[in-house]
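Trainee: I would like to learn how to read pockets and a few other features in a model such as this one. Could we go through them slowly?

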Amino acid sequence: MTGPAETNSAHPAPGAPPDAPATTSTDAPAATPTPTSNGTPATISPAVRRRWVIGAALLAAACYAPFQLAPFHVFQLTMVLVYAVALLGLNLLVGHAGQISLGHGAFFAVGAYATAILLDRWALPYPLTLPVAAGAAFVLGLAFGLPAMRLRGLYLALVTLAVAIFLVPLLKRFEPVTGGSMGLTLAKPAPPAWSGLAEDQWLYFLTLAVAVASFLVAGSLLRSRVGRALHAMRDDEMAAEVMGVRLSFYKTFAFAWSAMFAGAAGCLYTWVIGFVSPDSFTVNLSITLLAGLVVGGLGSLSGPVLGGLFVMFVPSIAQDVNDAAPGVIFGLLIIAVMYVAPTGLAGLAGRLIKKVPRKE
């Protein structure tokens, strides 16, 4: 017979099958539980805490940087943030929804020109141009997503490429509104007197605020049921449909939200540059954005930031290496990066962090 001492020394966990290994009183929890609103214990994993610490450190460094750098370098960092917001939208579509787009630069241009026209024709206040530009790109992405939901693979890539190709001559044709080939020149947002900031620093902090808000929104979106549906659609459309995921809805949704982030980035671009022209938004921009995202890392929230650094600095480096063939140098650099880091720079950074020894 089994004695009382034996029955108290080992017992199966509640809800475990009869053959489950027994647990003893010496087992220690993996993380310190914290009570939630409904009274049930919740835990914060070390990986989540590490990401929050790294994010806070990077944000502190980003706030400190413009006070230590020359104006031109501050401008470069501002453009990195602009491209990071645009790539955040492209990452939502390509990295998380599994769709392909070679026309992301068109939505970027829609946001830029919407902002420029609102400022030039109607003298709208700068803060109001951001939601209008993002909303205009969202509506265009929604309209484009409706026919795109019936396409996939190379067919979808060709359709999106066609959008990027015909955008430039379309902008040149409506000269009374868009300024034609000459474009539109605008005044940049002036820093308020109470801030004590220079113009380049003020633009940097405006862009940083929008970028942080965009990444928080995207992170919350991907952690929700919508994010799980997008990942299921990316991994296997047929299985996702069997599980109840409405493919048409989420494909259209992904295009619309991707375009919205691109439109917001286009608005920031107009603020920072103070000039828009059709030649700034050719098909090369769409291809460069896609290449930057792949190099930065698909499906990672840090990938758009690394991709923004790539888009901003690598073309200028290629131009400095060889003025006669910057495209060749740019292509070779992409090949070299992808050879060293097939999953992108974000994947390479993750592997390096995992190899760092940790204290027990």
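Predicted model: local features only at pLDDT ≥ 70, side-chain atom pairs only at ≥ 80, totals over all residues.

Trainee: What is the volume of the largest pocket, and which helix gives the largest share of its lining?

Mentor: The largest pocket holds about 2000 Å³ of space, and among the 43 residues that line it, those closest to its centre are Arg-51, Gly-55, Leu-58, Leu-301 and Ser-302. The largest share of the lining, 12 residues, comes from H2, while by class the lining has 28 nonpolar, 9 polar and 6 charged residues.

Trainee: How many disulfides does the structure hold?

Mentor: In general, a disulfide is a covalent bond between the sulfur atoms of two cysteines. In this model there are 0 disulfides; as for individual cysteines, Cys-63 counts as partly exposed at 32% relative accessibility, whereas Cys-267 is buried, with a relative accessible area of 0%.

Trainee: Is helix H4 largely enclosed or open, and what follows just after it?

Mentor: Because 15 of the 18 residues of H4 are buried, the helix is largely enclosed by the rest of the structure. Just after H4, Ala-123 takes a positive phi of about 50°, and this residue lies in the loop between helix H4 (104-121) and helix H5 (126-148). Ala-123 is exposed, because its relative accessible area is 60% and exposed means over 50%.

Methods. Residues numbered from 1 in each chain as written. Heavy atoms only, no water. Helix = DSSP H or I, 4+ residues; strand = E, 2+ residues; numbered from the N terminus. Buried < 20%, exposed > 50% of the residue type's maximum accessible area, 1.4 Å probe, protein only. Disulfide = S-S within 2.5 Å. 1 Å grid on protein atoms, 1.4 Å probe; cavity = no way out; pocket = protein on both sides within 12 Å on 5 of 7 lines; lining within 4 Å. Points joined across faces, edges and corners; volume = space filled by probe spheres on them. Nonpolar A, V, L, I, M, F, W, Y, C, P; charged D, E, K, R; others polar.
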